[in-house]
Amino acid sequence: MILCCRIPDIPIAALVLARAECGEQLAGRPLVVGGHPSERKPVRAASMEARAFGVCAGMPLRQAEQLCPEALFSPADPAAENSLARHLLAGLYALAPKVELAAGGEAYVEVDGLGEPVAFASRVGAYLHQRLRSRPALGLGSNKFVAHIAAGLAAGAAIVDGELAPRLVPCGSERSSLAPLSIDECLPEMPDFCRRLKLFGLRRLGDLASMPLAAVQAQFGAEGLQALKLARGEDSRRLQPWEPPQRIEEQSRLDPAVDNLTPLLFVARGLVDRLGERLIEGGYAVTTVRLRLELDDSPDPIEAQLKLRAPMSTGEELWTPVSQLLQRQVMTAPVSRLCLRVSGFCPAQSRQVDLLTRADGRLEDITRQLHLVADTHGSELVRMPALAPVAPLVDERRHHWTDAAQGLAVQAASRVRRRIPA
Amino acid sequence: MSLREEALRSAVGRIQNRFGAAALQQAARVEPAGEAAVEACPTGIAQVDELTGVGGIPLGRLSLCLGAAGTGKMLIGYHFLAQASQSGAAVAMLDLRGHADPWLMAQLGTRLDRTLVLRPRGAADAELKTALETALGLVRAGVGALLADLPIDAGQSRLWDPFAATLTAACAKAAIPLLLLGEVAGEPLRYAASLVLRLQRQEWLLRHGDIDGVRLQATVEKNKLGMPGRGAELCLAYPRGTFISPLPPVWAAPPRLRVLPS
């Protein structure tokens, strides 16, 4: 069973929340995000009220103003939108393990195994209402299309006790539930197909569902076949679950606070070893290390981040960049807490070593070592020579030096490519 | 059994009783060479390979090639790199003098796409230590061979006291050859080396009054794997740096022709 939550578009929701913090209520007003109408930019998002006037994403702002002059136009704020989307997904993920934030202001949640569907939907609705300060329309169905239609039906229902009741389409009754609905409204992404159906006198989903499958396929092709299946309540699209970004964190509280680098390095070494053990357990390698130092009597912690040149999977490998990162920090007060976090996960071993090729696995090891050397001493310590394509007369110009790690990495990648067809 | 043979057996028995059975053995009972054979990476120069007694630069050991400037040490090193780079993932050269010539290396057959050159900014102890630590890391990561070109100061540096043993142990574990080139070598290096090859210039080879090559004398000063003290004569023809037979073809007698039976 899938739950569809109709929420405002993320840019619109971010705008409403930002204005609500300033005490301005925008709920119920037509809103257009993208910029001022005088700018030559497209519409990024439009609220339901603005869409009723024909405004849609992608059209020029000037045209949107002509269609809906009373709309409030506002520039986009990508940082606020990303933050809101991340928080929404994290909140929904805390309620259900499989959630998807789709375009057009819809969130899908798989509710199987999470208790009674309608009660669970009410919990999700309460969370979204609290987070977005607007009532979401909730629909429950056996697949995404049915849930989407159910949410659309719920949006037009009456408000009971200050809430929109979730609309449930029971399993097995999808076809009968969808039959009286207009094709135009249910399949807005197929306008040409809907127009052709209207010429055939087919206006409701029930009319389309009763048509023979072979005849629809012969007349309308793959698009018709897909529409017919949707009209019968069959949707094979799977939920594309969102996964929270993985991170592994180790921290240590220092009591009393430390004002010397040597004990700090000692503690950091222990944290790095623990991180390494957890990475080995999971078979991960990481590409980013984040350091956080909380200072005694100071509200602002020191934060630093290091992007590693190559993924690292053990504590031994991580220790060099972490120790360098720590030694680079300027501490103005004793440190009361040390926190290390790694992110950017990837598999620890990216290639199956060919056992029949001599020294096949060494190329990656040497490349990793070269990345480490480049991090520590700079990339000019170890170089790889290359000859000039045309040998000049001057001896010094017959060759040039190239990045050794990059050269070996290219060779390793070419080995992988060579092996794929085999 | 003659009286002489009996006396010999008695003497051997007494030596074995006093110093152990392994102190003196008959040559026929010595283990065949194949079981204790040391693998080596050939240099591609027949005379040098023969001198070492194991067919080249031994794997897992520290080898030294010493000689004054202009005696062909670098060319021996380049030939060694050329042979080593044909197999394995990569080879490394520690170029402390900054004189590495990739063009000549390529001419001698070195695969440049498998050659890593470590070039520290200077030759002071700090840079030498950084370079040696980097070389150690590369050896542990799995390079197929390591060649180091040392200036005079670096060969006698105190840093070799810990690093010679560490580097040799890492090479032994990875079973890769390690060849150091220099004019002089300090005690730590000489002690850790299994093979010390000394090159000396004998005379210039002239053609029409111009220097066309050099005649060298190669001597094995120390060899833990073969007989030390052996020597050979090498001729180095310019400008390509190819080693040729002791007498260059221009000076050698013409081959004798004979009629093959039908």
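Tutor: The accessible surface of chain A comes to about 22700 Å², and 52% of that belongs to carbon and sulfur atoms. This is a predicted model, so the values below are computed from predicted coordinates. Chain A has 422 residues, of which 42% are buried. Its secondary structure consists of 15 helices and 16 strands. Of the contacts in chain A between residues at least 6 apart in sequence, 65% join residues at least 24 apart.

Now the sheet. Three strands of chain A make up an open sheet, in the order β3-β2-β4, with mixed pairing. The edges are taken by β3 (45-46) and β4 (72-74) of chain A; each has a single partner strand, so one side of each is left without a neighbour in the sheet. Helix α1 of chain A, residues 10-21, packs on this sheet and touches β2, β3 and β4 of chain A. The direction of α1(A) makes about 110° with that of β2(A).

As for the pairing itself, strands of a sheet pair through backbone hydrogen bonds, either parallel or antiparallel. Strand β2 of chain A, residues 31-33, pairs with β3(A) in the antiparallel sense, over 2 bridges. Within that pair, Val33(A) stands opposite Ala45(A), a residue of β3(A).

Notes. Residues numbered from 1 in each chain as written. Chains lettered and ligands numbered in written order. Predicted model: local features only at pLDDT ≥ 70, side-chain atom pairs only at ≥ 80, totals over all residues. Heavy atoms only, no water. Pairing = 2+ DSSP bridges. Helix = DSSP H or I, 4+ residues; strand = E, 2+ residues; numbered from the N terminus. Contact = heavy atoms within 4.5 Å. Axes fitted to C-alpha atoms, helices over the stretch in contact; angles between N-to-C directions. Buried < 20%, exposed > 50% of the residue type's maximum accessible area, 1.4 Å probe, protein only. Areas by Shrake-Rupley, 256 points an atom, 1.4 Å probe, with all protein chains shown as cover.
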